[in-house]
Amino acid sequence: MSDKPEEKKPEPAAVPAPAPAAAPAAAPAAAAPAPKPAPPKYVPPTPVFNRANGRLIEDRFTTWPTQVFANRWSRPGFQWGAGMLVGIFLGLGLTGFAIGELSVWAARVYAILGGEPFKKFFLFGPTVVFPVKLAPLAVDAIWTAIKVLIVLHVVLINGLWSIWWERKISAHIQSRVGPTYAGSPSGWNFHGWAQTAIDGIKLLLKEDITPAAADKWVHALAPGLVVAPCIIAFAPVLFGDGMQAANLDIGTLYIFAFAGISVIGVVMAGWASGNKYSLLGGLRGAAQIVSYELPRGFSIVPVLMFAGSLDLQVISNAQAGYWHGVIPRWFIFYPVVGQLAFVIFLIASVAETNRTPFDIPEAESELVSGFHTEYSGMKWSIFFLAEYAYVLLGSFLLATFFLGGGASPINAVPFTLIPSWMWMLGKAMLMMFVFLWIRWTLPRFRVDQLMDFTWKFLLPWSFVNIAIAGLYLAFWLK
Amino acid sequence: MSNMMTAADASTMPELKTDQLFINLGPQHPSTHGVLRIGLTIEGEVIVKAVPDIGYLHRGTEKLAEVRNYHHCVVLTDRWDYVSAMPNNLVFCLAAEKLAGVKTTPRADALRVIMCEMNRIASHLLFFGTYGIDLGAYTPFLYAFREREMVLDLFEMLCGARLTYNYIRLGGVMVDASPEWLKRTGEFIEYFKPRLDEYDTLLTYNPIFMARTKGVGIVTAEEAKSWALSGPNLRGSGVNYDVRKFAPYSGYENYDFDVPVGTDGSCWDRYFCRVSEMRQSVRIIEQAIAKLPAGPFMASGFAKVPKPVPGEAYAHVEASRGDLGIYLASDGGISPFRMHVHAPSFINLAMLQEKLVGMKVSDVIALLGSIDIVLGEVDR
């Protein structure tokens with residue numbers, strides 16, 4: 001740059017003024033060229049990455065977030081939206097956090113409504129009796145409504161939580177970081193904690209498309225028919241010792257019966273969409289879910305034999321205690337039978353939820369999205385809600401049947417004092433992690449391989465397992 | 001027992017008729033790798049008829065070349081197989097150099113080899129990742145792209161482009177590789193070698209993956225030869241043919257490498273050929289960097305706008321997807337009189353129509369993914 005005028009010196013007139021200021025300066029400098037200071041070389045800033053979110057620090061803090069978000073969040077609509085979001089999230093979150101304690105309080109409310117004397121302000125105050133004399137039926141109705149609300153919230157909060165968790169876990173499995181930003185304008189930037197909630201609002205606001213070729217009513221009913229049996233199936237699920245919405249003698253059968261109904265919704269969605277890919281997905285889903293019901297049911301027969309009951313509370317209690325004071329008497333630790341049953345039940349549960357490696361009904365690379373190709377907005381997200389609810393159901397069942405329910409794994413004081421619902425939740429979350437781990441690790445089966453796997457492998461082995469369990473009962477457990 | 005009906009009986013019973021269903025697989029479909037359309041007629045899950053339909057990405061580059069000079073044509077070549085554009089540049093330059101009588105320098109040859117092999121790695125990584133997605137495994141894709149990103153960064157560092165490079169020029173290459181670039185390439189190679197073993201644990205020997213691909217879409221050696229397949233699709237069937245070995249160009253005869261060959265020609269063999277080729281590419285790049293000759297990176301003493309004497313030339317290279325050939329005819333002008341591309345993707349795709357019949361819908365994706373086509377090259 002700086003030596004350009006010197007080159008042009010022999011013919012300055014021919015040059016159409018390369019730099020008018022420089023040309024007269026160059027002429028006197030012909031004898032002794034004055035070295036002009038070179039312009040400072042551009043040195044790009046050293047990129048510094050934020051370890052928390054993998055984003056460039058300078059980018060993160062100086063450029064776009066303030067710009068973009070200053071504008072966007074100053075819009076009144078977004079402020080309202082944010083307020084609603086925070087309200088919804090806090091409401092659901094607090095309810096969910098209080099599941100364990102709330103059920104204790106709910107039992108107290110039940111007793112009070114039934115006429116038991118209580119302190120006026122619960123912890124202090126004069127002892128009084130509930131002024132209205134309620135019929136036992138009304139008390140039960142209120143009591144049931146409370147429990148239904150709790151279970152419903154479990155399913156909804158689980159949707160919020162587990163989608164966020166799946167995104168984060170899949171991200172870290174795949175050497176990514178996942179959501180990092182959503183929710184940070186609140187001032188609390190915790191790994192994109194608000195991602196699912198904001199996604200949910202987005203889905204609510206999305207256009208709800210019904211294809212022209214679709215059967216309107218069946219298309220609209222299908223998501224409900226997928227998610228409703230799932231919520232119903234949560235009734236006898238054990239969240240901790242004595243924490244069931246409904247204490248059913250036949251709890252296990254009840255859960256399996258209702259969980260099997262969802263397949264009708266899948267078939268309806270596939271058929272009613274008027275799309276060939278959806279149809280194929282629906283058919284595949286029907287074949288798969290019906291097939292995997294069998295090994296799923298038979299795999300826990302040894303558990304039922306050992307526990308001697310279908311009641312989940314009894315099954316959980318049957319696993320109390322420790323062998324030699326150390327090894328918990330969980331069914332998963334019963335040699336051979338426990339592990340085999342656990343693996344079969346886990347595999348069948350993954351297949352029930354239509355997740356990889358058994359996601360052939362919604363195989364993205366083959367059937368675009370399978371049975372929910374033609375769904376959008378909230379209807380689409382209801383399918384997802386159902387999927388994650390089934391994952392949660394499977395996790396709680398695994399924890400109840402094989403991991404000792406609310407029992408502590410370590411027979412020592414600080415651990416045994418932890419409330420049973422915490423252990424239960426922890427075990428269920430561990431199992432949920434296993435579900436996610438499997439999904440993000442394995443490829444997908446083919447349809448016929450899937451069927452071979454269940455009919456020729458899982459089902460025979462679950463029968464063998466039942467036979468071994470019979471031998472245990474006859475000679476060991478007596 | 002005797003009155004029970006087997007599945008075979010049921011399918012041959014005249015009163016139990018099943019409808020055939022026509023499915024449009026593509027041109028907008030997640031797994032057709034571009035804009036390929038296959039008209040599938042299925043019965044249940046089984047294909048009874050498959051009609052591939054191409055041409056959605058036709059841009060007429062062969063015709064365009066007739067109104068551009070030889071330097072400009074290199075730009076067109078980038079757009080055929082956009083996943084590995086370096087061999088495209090190379091094959092055109094080889095043919096044009098034959099026609100114009102230009103002799104390249106040893107350093108340019110070595111740089112061309114390095115770039116082509118780097119691009120083969122990038123291309124096979126893309127195949128590895130998308131094949132995983134085709135079969136339902138999402139994680140390998142992101143692992144592969146993590147490494148592919150580094151290759152593209154190296155390309156960007158050298159020639160400023162990440163996809164359409166225009167790096168290999170008539171008579172040599174665009175710019176010389178700096179010591180800094182060679183150092184970083186060496187670092188990448190060191191980083192990349194253990195990653196290849198990681199891929200094997202992730203996907204190659206995964207039991208579900210093997211069940212999905214072993215014994216699926218078998219192409220025998222005779223079939224492969226009669227369909228004129230090339231590249232990993234041919235070698236997967238057990239035919240040992242690699243242009244780098246059998247008609248060496250750009251000094252490939254100076255490097256020590258093996259040609260991975262499959263056994264039975266199933267999808268897994270084609271896949272495994274590609275994964276093994278990445279190891280061989282690593283070997284070639286290491287050798288090329290170790291003995292990179294000094295000297296100019298561009299030949300001198302030829303016309304800036306070449307006007308080759310009337311005649312014709314054919315050059316072919318082992319591109320990432322097979323034997324990529326180019327035929328150039330000159331009438332003495334500044335543009336080619338005719339350019340014709342022997343495109344491996346197009347020829348490899350031809351087997352689809354026969355092979356798909358009788359397969360399951362899931363296997364369509366497995367086979368299509370294992371052929372590894374790029375529609376830019378199929379349609380040109």
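## Exercises on chains A and B

In this predicted model, 23 residues of chain A are in contact with 27 residues of chain B.

**Exercise 1.** Describe the side of chain A that touches chain B, by helix and by residue class.

*Solution.* Start with the helices. Helix H16 (364-367) and helix H20 (447-477) of chain A each contribute at least two residues to the side that touches chain B. Next, sort this side by class: nine residues are nonpolar, six are polar and eight are charged.

**Exercise 2.** Decide whether the radius of gyration of chain B agrees with that of a compact globule.

*Solution.* Chain B has 380 residues, and for that number a compact globule would have a radius of gyration near 21 Å. The value for chain B is 22 Å, so the two agree. Along its principal axes, the C-alpha trace of chain B spans about 85 × 45 × 35 Å.

**Exercise 3.** Check the length of helix H4 (residues 86-100) of chain B, and find whether the helix is enclosed or open.

*Solution.* H4(B) has 15 residues, and at 1.5 Å a residue the expected span is 21 Å. From first C-alpha to last, the helix reaches 21 Å, close to that expectation. Now look at burial: 13 of the 15 residues of H4(B) are buried, so the helix is largely enclosed by the rest of the structure. In chain B as a whole, 49% of the 380 residues count as buried. After H4(B) comes Gly101(B), with a positive phi near 70°.

Notes
Residues are numbered from 1 along each chain as its sequence is written. Chains are lettered from A and ligands numbered from 1 in the order in which they are written. This is a predicted model: local features need pLDDT of at least 70, side-chain atom pairs count only at pLDDT 80 or more; totals for chains, interfaces and linings use all residues. The radius of gyration is taken over C-alpha atoms; the globule rule is 2.2 Å times the number of residues to the power 0.38. A residue is buried if 20 or more other C-beta atoms lie within 10 Å of its own, exposed if 12 or fewer, and partly exposed in between; C-beta atoms are placed from the backbone. Two residues are in contact if their C-beta atoms, placed from the backbone, lie within 7 Å. Helices (H or I, at least four residues) and strands (E, at least two) are DSSP runs, numbered from the N terminus. Ala, Val, Leu, Ile, Met, Phe, Trp, Tyr, Cys and Pro count as nonpolar, Asp, Glu, Lys and Arg as charged, and the others, Gly among them, as polar. The expected span of a helix is 1.5 Å times one less than its number of residues.
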